[in-house]
Amino acid sequence: MPGALSRYPAADGPAFFTMTVMLLVLIPLFGIIWNVWRPEPATLLAVTGLITTVMTLVLLRLIKGAFIGYLWAKDEQDRGA
């Protein structure tokens, strides 16, 4: 059944929730890494950039699945214009 989930309009919802979660995680992450290890600014940027990228890619997949699942449970299909 190809495209069976294409009827559920996720749009920008999963990206918004992923960015919100990641920003709530990123701010304390900067503070913890800076206060514990005191790295050079370039090292801090590289480490937090890598952590942020990996976490965003993992979370986006999970949040989009939850978002589509919610739309499916509420039968919120794209009914066209």
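**Ground rules**

I note that the model is predicted, that local features need pLDDT of at least 70 and side-chain atom pairs pLDDT 80 or more, while totals for chains, interfaces and linings use all residues. I number residues from 1 along each chain as its sequence is written, and side-chain values use heavy atoms, with hydrogens and water left out.

I take helices as DSSP runs (H or I, at least four residues; strands are E, at least two), numbered from the N terminus. I use "buried" for under 20% relative accessible area, "exposed" for over 50% and "partly exposed" for in between, with a 1.4 Å probe and protein chains only. Contact means heavy atoms within 4.5 Å.

**Entry: helix H1**

I find H1 at residues 13–37, which makes 25 residues. From first C-alpha to last, H1 reaches 36 Å, close to the 36 Å expected at 1.5 Å a residue. The expected span is 1.5 Å times one less than the number of residues.

I list the buried residues of H1 as Gly13, Pro14, Thr18, Met22, Leu26, Leu29 and Ile33. Their cover includes helix H2, residues 41–73.

I keep the helical repeat in mind here: an α-helix has 3.6 residues a turn, so residues three or four places apart point the same way.

**Entry: helix H2**

I count 33 residues in H2, and the helix reaches 46 Å from its first C-alpha to its last, close to the 48 Å expected at 1.5 Å a residue. The buried residues of H2 are Leu44, Thr48, Thr52, Leu59, Ile63, Ile68 and Leu71.

I then looked at threonine 48, which is found in helix H2. Threonine 48 counts as buried because its relative accessibility is 2%. Leaving aside neighbours within four places in sequence, I find threonine 48 in contact with Leu29, Phe30 and Ile33. Leu29 and Ile33 are among the buried residues of H1.

**Entry: positive phi**

Where is arginine 38 placed? I find arginine 38 in the loop between H1 and H2. Its phi is near 50°, a positive value in a residue other than glycine. Arginine 38 counts as exposed, because its relative accessibility is 54%.

I find aspartate 75 in the segment after H2. Aspartate 75 has a positive phi of about 55° although it is not a glycine. At 41% relative accessibility, aspartate 75 counts as partly exposed.

**Entry: aromatic rings**

I describe a pair of aromatic rings by the distance of the centres and the angle of the planes. Rings of Phe, Tyr and Trp (its six-membered ring) pair if their centres lie within 6.5 Å; planes under 30 degrees apart count as stacked, over 60 as edge-to-face and the rest as tilted.

How many aromatic pairs does this rule give? I get two aromatic pairs. Phenylalanine 16 and phenylalanine 17 form an edge-to-face pair, 5.4 Å centre to centre with 70° between the planes. Phenylalanine 16 is partly exposed at a relative accessible area of 49%, and phenylalanine 17 is partly exposed at 42%. Phenylalanine 17 and phenylalanine 67 form a tilted pair, 6.1 Å centre to centre with 45° between the planes. This pair links distant parts of the chain: phenylalanine 17 is in helix H1 and phenylalanine 67 in helix H2, 50 residues apart. I log Phe16, Phe17 and Phe67 as one aromatic cluster.

**Entry: nonpolar surface**

I find a nonpolar patch on the surface formed by Leu50, Val54, Val58 and Leu62, with about 390 Å² of accessible area together. Patches take residues with over 30% relative accessible area and no salt bridge, joining like charges within 9 Å and nonpolar side chains (Val, Leu, Ile, Met, Phe, Trp, Tyr) within 5 Å. A salt bridge is a side-chain nitrogen of Lys or Arg within 4 Å of a carboxyl oxygen of Asp or Glu. Accessible areas come from the Shrake-Rupley method with a 1.4 Å probe; for residues, only the protein chains shown count as cover.

Leucine 50 lies in helix H2 and counts as exposed at 57% relative accessibility.

**Entry: arginine 7**

Tryptophan 72, in helix H2, is 65 residues from arginine 7 along the chain, and their C-alpha atoms are separated by 9.2 Å. Tryptophan 72 is exposed, with a relative accessible area of 57%. Aspartate 75 and arginine 7 are 68 residues apart in sequence and 9.9 Å apart in space, C-alpha to C-alpha.
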